[in-house]
Amino acid sequence: MSRQWITGYRSYELGAFDEQSPKVQIIKQALREQMVNLIENGCDWIITGAQLGTEQWAVEIAADLKTTFPAQFQIAVMLPFAEFGSQWNENNQIRLQHVLALADFSTTVSRAEYHHPQQLKNYQRFMLTHTDGALLLYDSENEGKPHYDLDAIHQFQANHPYVCQLIEFDDLQEVADQYEAERNAEFSE
């Protein structure tokens with residue numbers, strides 16, 4: 001069994017708010033390519049949180065991939081604490097409910113509402129001990145919230161076999177170049 005934790009930048013860290021923008025489409029394509037590779041190599045569970053951005057996109061992509069890979073993997077959305085997302089605006093709360101509906105399984109790691117940063121550390125620990133590897137949309141030259149997860153992964157790797165793959169900005173540039181070449185080919189036909 002192979003369980004993969006997928007996380008990365010929040011949408012606001014990327015300045016990616018329009019789901020139809022080329023920026024979001026390129027990020028989603030890069031995630032899709034890596035997720036297909038994981039599934040083709042035996043991933044049984046895609047496990048993520050529900051933060052706006054990478055995590056929610058991962059759930060949507062995984063749900064779409066189920067049409068190509070039926071019954072080969074499942075999707076779990078693990079929320080760090082009770083009432084997660086309740087402070088978000090109405091549109092983002094609707095989006096959260098949509099993402100949770102796409103999952104095969106979802107629950108909270110802590111049954112309490114957020115009250116202490118230790119809950120986030122407990123969430124990281126849970127994700128690390130319940131997955132075999134991680135895929136992060138993260139570039140070390142552009143710090144953001146995912147660096148906390150990457151730091152936790154590196155500490156965990158010191159005593160455990162755990163694979164961590166990164167999708168970095170150079171990888172996104174390659175996908176963007178391919179995206180642009182395909183668009184140009186469409187227009188020249």
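Trainee: How many residues does helix H6 have, and how far does it reach from its first C-alpha to its last?

Mentor: This is a predicted model, so read every value as computed from it. Helix H6 covers residues 146-157, twelve residues in total. Its reach is 16 Å, close to the 16 Å expected at 1.5 Å a residue.

Trainee: Which residues of H6 are buried?

Mentor: Pro146, His147, Asp149, Leu150, Ala152, Ile153 and Phe156 are buried. Next, look at what lies over them. The cover includes strands E1 (2-8), E5 (133-137) and E6 (163-167). Helices H1 (11-14) and H5 (118-129) also contribute.

Trainee: Now the sheet. Where does strand E3 lie, and how many of its residues are buried?

Mentor: Strand E3 spans residues 74-79 and is mostly covered, with five of its six residues buried. In a regular strand the side chains alternate between the two faces of the sheet.

Trainee: In what sense do E2 and E3 pair, parallel or antiparallel?

Mentor: Strand E2 (residues 43-48) pairs with E3 in the parallel sense, over four bridges. Ile46 stands opposite Ile75 in E3. The chain gets from E2 to E3 through helix H3 (residues 54-65), and this β-α-β crossover is right-handed.

Trainee: How many bridges join E3 to E4?

Mentor: Four bridges join E3 to strand E4 (residues 105-108), and the two run parallel. Met78 has Thr107 in E4 as its bridge partner. With helix H4 (residues 90-102), E3 and E4 make a right-handed β-α-β unit.

Trainee: How should I read the phi of Ala71?

Mentor: Start with the background. Most residues other than glycine have a negative phi, and most peptide bonds are trans. Ala71 has a positive phi of about 65° although it is not a glycine. Ala71 sits in the loop between H3 and E3. Its relative accessible area is 83%, so Ala71 is exposed.

Trainee: Where is Glu83?

Mentor: Glu83 is in the loop between E3 and H4. Its phi is also positive, about 65°, and Glu83 is not a glycine. At 49% relative accessibility, Glu83 counts as partly exposed.

Trainee: Is Leu96 buried or exposed?

Mentor: Leu96 counts as buried, at 3% relative accessibility. Leu96 lies in helix H4. Not counting residues up to four places away in sequence, Leu96 touches Ala50, Gln56, Phe84, Gly85 and Trp88. Leu96 and Gln51 are 45 residues apart in sequence and 8.4 Å apart in space, C-alpha to C-alpha.

Trainee: How many salt bridges does the structure hold?

Mentor: The structure holds seven salt bridges. One of them joins Arg3 and Asp132, whose closest N and O atoms are 3.0 Å apart. This pair links distant parts of the chain, with Arg3 in strand E1 and Asp132 in the loop between H5 and E5, 129 residues apart. Arg3 is partly exposed at 21%, and Asp132 is partly exposed at 30%.

Trainee: What does the pair of Asp64 and Arg32 tie together?

Mentor: The side chains of Asp64 and Arg32 meet in a salt bridge, 3.0 Å from N to O. Asp64 lies in helix H3 and Arg32 in helix H2 (residues 22-40), so the pair ties together parts that are 32 residues apart in sequence.

Trainee: Which residues are linked in a network of salt bridges?

Mentor: Glu19, Lys28, Glu60 and Arg95 are linked in such a network of salt bridges.

How values were computed
Residues are numbered from 1 along each chain as its sequence is written. This is a predicted model: local features need pLDDT of at least 70, side-chain atom pairs count only at pLDDT 80 or more; totals for chains, interfaces and linings use all residues. Side-chain values use heavy atoms; hydrogens and water are left out. The expected span of a helix is 1.5 Å times one less than its number of residues. Buried means under 20% relative accessible area, exposed over 50%, partly exposed in between (1.4 Å probe, protein chains only). Contact means heavy atoms within 4.5 Å. Two strands pair if DSSP finds at least two bridges between them. A crossover is right-handed if, with the strands pointing away from the viewer, the path from the first strand over the helix to the second runs clockwise. A salt bridge is a side-chain nitrogen of Lys or Arg within 4 Å of a carboxyl oxygen of Asp or Glu.
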